[in-house]
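Visitor: I would like a close look at a single part of this structure, followed by what surrounds that part in the fold. A plain account will do.

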Amino acid sequence: MPSATATHSHRPTTKVQPKSFKSRKLTKGALRDQAKGKVPNEKGQRKTPHQQVMSKFDRRNQAKQRQLAKHKEHQKETSIFSGRDSAPRIVAVIPLCTDVDVSAAIKSLNSSLDIESEITGTNPRVSVDRFKQKLQYVPTGRDLTACMDAGRIADYVLFVLSSEVEVDGLGELIIRSIENQGISTLFTVVQNLDKIQPAKARPDVVKSLASFMTHFHPGQEKVYSLDSRQECSNLMRSLCTTTPKGINWRDQRSWMLVDEIQWPATESEATVLTGVVRGKGLKADRLVHVGDWGTFQIGKITAAPIPTNKRKGDAMAVDQTETENVLESPDEDQDDLAELAPEEMMEDVDIDGDMTEPTSKKGVLLDDHHYFSEEEPEAYVAPKKLPKGTSNYQAAWFLDDVSDSESELDDEEMEDVGADSIPAAPEDGMEGIANKEPTEAAMSDYPQSEMFIEPDEADDAVQLEAYRARKRDEAEEDMEFPDEIELHPNVLARERLSKYRGLKSLRTSPWNTDEDRPFQPEEWARLLQISDYQSSRNRSMREALVGGVTPGTRVHVHLKSVPKELEKSYDSSRPVTLFSLLRHENKKTSLNFDVTHKEDYEKSIKAKEELIVQCGPRRFIINPLFSLSGNTENDVHKYCRYLHPGQSAIATFMGPITWGAVPTLFFKRTNPEDGGNGVSLQLVATGTARAPSTVRVIAKRAILTGHPYHIHKKVVTIRYMFFNREDVEWFKALPLWTKRGRTGYIKESLGTHGYFKANFDGRINPQDSVGVSLYKRVWPRNAIPFSGPLLEEGASDLQNEAMDEDIQ
């Protein structure tokens, strides 16, 4: 048998190449590696395009689409400035110092691009051929009214500073006013910088001015020098190429800078205002508000193209200028100038109701019931917290400890509820009382009787004067002892406080509106009633998006019934603006504004004090009411007698409605010698318009305080709250409270000097004071249109109404 010899050899390598898995589908391990630790989308999870793993091609395509959408939006915003008949870019030139020359500043900008044109007219126009744009300057003086009017219609605001003179109080007031009313793109320039010697000190001056401007506008880090041709050229490039930021409330409406005014020869003719339509489309059916002139109706809107040089052989040029091209005329849907509802609509409304005189009652109104008025007492049933729309039959099926888990508030109310963090105080009612004391040895329901000794009248008067001697100053007293009042011993409390009522809880107790009807203003029932503010606002704003004369068109606006006296008072040096009002914006209602006290004004603002308010395009003289913000179940809000520094509140007055969150400015005439920086007008508060409401109750609170005269466990004898027995019996149903959170009730009257015995839920401190809260509804006052300059004394000869007393 032949022998077989086998040769031995090692493998060339230790690596083993496995066979590839021949399948189009990936394995579980490959899918796990591809996910790179990401959790797979399981059934029921949210799957959006942002949560999907996109390929490089998809990401690049998405970025391209985003870029195209942004470019399209940019073209839409700047299309109004492109073309031969495009609208000019409005540049407001506002001086902040006394030695600033506005005309020289405009010439410096024009000469940097070799534009030789004389500054003629109120609002001069220049054509910038290098950038194929048009600029329209609005030069103003150091007039607050003109600066604010120019700032709210300008695409670009140009603040002109001086290199030698500092900004005074008027300049700072102009900066703050324009900033708070809404400002578009802002630039800052300095004049006469070459006069600073030596030359090496000029950069320090520019840095100082830039630091000053960043205090008001943090984005203003660049200050252009008008003495440098290169910097002026760069500024002109920015004015002609950048997209203006715009103002939100202004862009929601149609507006126009008036270039020319044609006054009528007779009263039957219309006043013609010429300008370029901006913002939304201008409609002839809507009312327009012109500067401080007032609100008017439009007769018609005609085209007003700028005449151009025609060829010699063009014989149609003369005929085109003579014919009138009517762009829009009003129809039957035109708004009227009525501010209130017709009286005929109110004839069927019974404003008297089923009322009885307060004097026929035997006790004060507590919540919605007069206690101790019937011969047989009636048991009071506490109101339950029930869902909206629950009937009396359904209410029987809700227990006291069950509340509705689903909120019925809309989005706007939900925001206010979260922002309201004001804790409840003892004087507010049930929410502010302290917890009950721990269980202790039971006391007798009939404590040991003690003889009450009637005090001497002379000694009692001396002790009362000493007790009240610590409260004198009004503003400081309101901060330390808010809402507390003091009655004279000879004044009957039931007559002095006949309009007041009691509430067990300021936030939840029902408010009986039938008791308020005899005291409401005459025009209150004729005000605009808005059931759903958010829906009405959106409907009015969507209506302005469609139709009207196209923005960028130069038109003649024919106004009806313009008073002839305005021609005599017209000042051509001030810009005239025209704003189209949205539907219903001329109708009066009860307006509410979120107001914040300015930190620059150190004094407190008293309610019902005369202020000048600017809301959007309109200005008014008002006497506002201040009240606490937030949402309550009964829509009752406490009235504030003062708005102290650092505080915020809701200002309320009657005036024409303004849709949307429009910034609002509150001015007050002051004495320049009282630290007003030499200016007789100060910006004391700023705010924002919020939803108006005629059902929002502003309740003025009056707190009567007493002093514990004798304490026996939980039974206390109180003095200095009332001064006769009849007042104690009248206010006997009101709950008592103390500064430290104890609550009680009046048990019986003692003697004839207003002393009474009260029971409390716990022991009270001898240094504690006992109070009772009373409430009265106060009504907002009517706003008066403001006309004339803001800083001139006696600009408005309207008389201010007399202020009410705090307790009346």
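What volume does the largest cavity have?

Guide: The model is predicted, and every value here is computed from it. The largest cavity has a volume of about 100 Å³. Its lining is made up of 14 residues, and those closest to the centre of the cavity are R286, A544, S580, L581 and L582. Sorted by class, the lining of this largest cavity holds six charged residues, four polar ones and four nonpolar ones. As for other cavities, the structure holds nine of 30 Å³ or more.

The sheets come next. Strand β7 covers residues 254–262 and β8 covers residues 271–279; the two run antiparallel and are joined by eight bridges.

Strand β1, residues 89–95, runs parallel to β3, residues 133–139, and five bridges join them. Here R89 stands opposite L135 in β3. In general, strands of a sheet pair through backbone hydrogen bonds, whether parallel or antiparallel.

Last, a helix. Helix α4 spans residues 144–151, and eight of its eight residues are buried, so this helix is largely enclosed by the rest of the structure. Buried is taken as under 20% relative accessible area. The residues concerned are L144, T145, A146, C147, M148, D149, A150 and G151. At the start of α4 there is also a contact to the backbone: a side-chain oxygen of D143 comes to within 3.3 Å of the backbone nitrogen of T145.

To return to the part you asked about, the largest cavity has R286, A544, S580, L581 and L582 as the residues closest to its centre, and six of its lining residues are charged.

Note on methods
Residues numbered from 1 in each chain as written. Predicted model: local features only at pLDDT ≥ 70, side-chain atom pairs only at ≥ 80, totals over all residues. Heavy atoms only, no water. 1 Å grid on protein atoms, 1.4 Å probe; cavity = no way out; pocket = protein on both sides within 12 Å on 5 of 7 lines; lining within 4 Å. Points joined across faces, edges and corners; volume = space filled by probe spheres on them. Nonpolar A, V, L, I, M, F, W, Y, C, P; charged D, E, K, R; others polar. Buried < 20%, exposed > 50% of the residue type's maximum accessible area, 1.4 Å probe, protein only. Helix = DSSP H or I, 4+ residues; strand = E, 2+ residues; numbered from the N terminus. Polar contact = N/O pair within 3.5 Å; in protein donor to acceptor, adjacent residues only side chain to side chain. Pairing = 2+ DSSP bridges.
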